[in-house]
Amino acid sequence: MAWISIRPVDPARPGPFGQYLLPGVLAGAPPDAVTVLGAVWDNLACGAAAVRWDRAEIASLFVDPQVRGLGVGGRMVDLLLEEAARRGVEALDADYTLGGEELAAMDALCRRRGGNPLPLSRVYQADTGRFHHSPAVGCALSPGYRPHPSAVPFSRLPSEALDALEADGRIPPLLRPSASGDRMDPALSVAWLRDGRAGAYLLCGEAGPGGYALLAAWRGPDALAAAFLILLRAQLNRCYYRQGGDFLYSFSTLGGAAEALAKRIVGGRCNRYEEHTAALPAPVPSVE
């Protein structure tokens, strides 16, 4: 029988364990702000987990399907929680987006460690190969498409417009560009710009190999009702040419109206997942 072992991994050189880490997990973090663990099965990498100590969160956890059900993920989480206790961190946050049996398994893992998984949003993933004949967004994937002139990427927004967004009290803090941090790609995020002010925007970032995710969306009362659709076309167009072809596009919804709009745009041609969050308490050190 092959042995499964857990070992520390150098964040700067994750080697074969890098394939099991989410993109961007290590970006922008000083070396002492990250702990990475790797799982080894019969001398082969079979999973990895990572904690960002600057955020006190489990930023990545993945186990190869061949060794699932053997407690590998739980063992890595336990070791990270033990390290949290040594550092004086009371709990680690875990945010995860999964579906079906994987979601149920992760919820159970968190509950066994004292967490209480709570739903945050519904997440949809669509293959843009299905969008080409969509009357709503198919045009954005054609060679002759030209974005509306009011759809401006964040990489070209005036600094005054960016500052105004951060100071706009109408925008919920979680939807502001700064809340997405280094996950947001300014070249793929687009805003509805009029008279030097952004009245709506869609924020976007990479989401795994060959995929992009809509991170946040906001529309002010002064923007056209069609602003979201115009911005979505511009964003899909920029992602399409960045990728060099079709890609996986993920987005989440928080309310019934947003979910209905999303389903209408993609025509039901998508996979549905759920985003959950849980706080896992670190073990209390024993007193001898």
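This dialogue reads several features of one predicted model.

Student: What should I keep in mind about the numbering and the model before reading any values?

Tutor: Residues are numbered from 1 along each chain as its sequence is written, and side-chain values use heavy atoms, with hydrogens and water left out. The model is predicted, and local features need pLDDT of at least 70, while side-chain atom pairs count only at pLDDT 80 or more, although totals for chains, interfaces and linings use all residues.

Student: How many helices and strands are there in the protein chain?

Tutor: Helices (H or I, at least four residues) and strands (E, at least two) are DSSP runs, numbered from the N terminus. The protein chain has 6 helices and 12 strands. Its radius of gyration is 21 Å, close to the 19 Å that the globule rule gives for 288 residues, so the chain is as compact as a globular protein of that length; the radius is taken over C-alpha atoms, and the rule is 2.2 Å times the number of residues to the power 0.38. Along the principal axes, the C-alpha atoms fill a box of roughly 65 × 40 × 35 Å.

Student: What share of the residues counts as buried?

Tutor: Buried means under 20% relative accessible area, exposed over 50%, and partly exposed in between (1.4 Å probe, protein chains only). By that definition, 44% of the 288 residues of the protein chain are buried.

Student: How does helix α1 compare with its expected span?

Tutor: The expected span of a helix is 1.5 Å times one less than its number of residues. Helix α1 (residues 72-87) has 16 residues and reaches 23 Å from its first C-alpha to its last, close to the 22 Å expected. An α-helix has 3.6 residues a turn, so residues three or four places apart point the same way. The buried residues of α1 include V72, M76, L80 and A84, and the helix is followed by G88, whose phi is positive, near 80°.

Student: Which residues are in contact with M76, leaving aside its neighbours within four places in sequence?

Tutor: Contact means heavy atoms within 4.5 Å. M76, placed in helix α1, is buried with a relative accessible area of 0%, and its contacts beyond those neighbours are I6, L37, A39, G47, A48, A49, L61, F62 and V63. The C-alpha atoms of M76 and F62, 14 residues apart along the chain, are separated by 10.0 Å.

Student: How many aromatic pairs does the structure hold?

Tutor: A pair of aromatic rings is described by the distance of the centres and the angle of the planes. Rings of Phe, Tyr and Trp (its six-membered ring) pair if their centres lie within 6.5 Å, and planes under 30 degrees apart count as stacked, over 60 as edge-to-face and the rest as tilted. The structure holds 6 aromatic pairs, and one of them, Y20 with F62, is stacked, at 5.9 Å centre to centre and 15° between the planes. Y20 lies in the loop between β1 (4-9) and β2 (34-41) and F62 in strand β4 (residues 57-63), so this pair ties together parts that are 42 residues apart in sequence. Y20 counts as buried at 9% relative accessibility, whereas F62 is partly exposed at 34%.

Student: How many disulfides are counted?

Tutor: A disulfide is a covalent bond between the sulfur atoms of two cysteines. The criterion here is a pair of cysteine sulfur atoms within 2.5 Å, and the count comes to 0 disulfides. C239 is in no disulfide, its nearest cysteine sulfur, that of C204, being 3.8 Å away, and C239 is buried with a relative accessible area of 0%.
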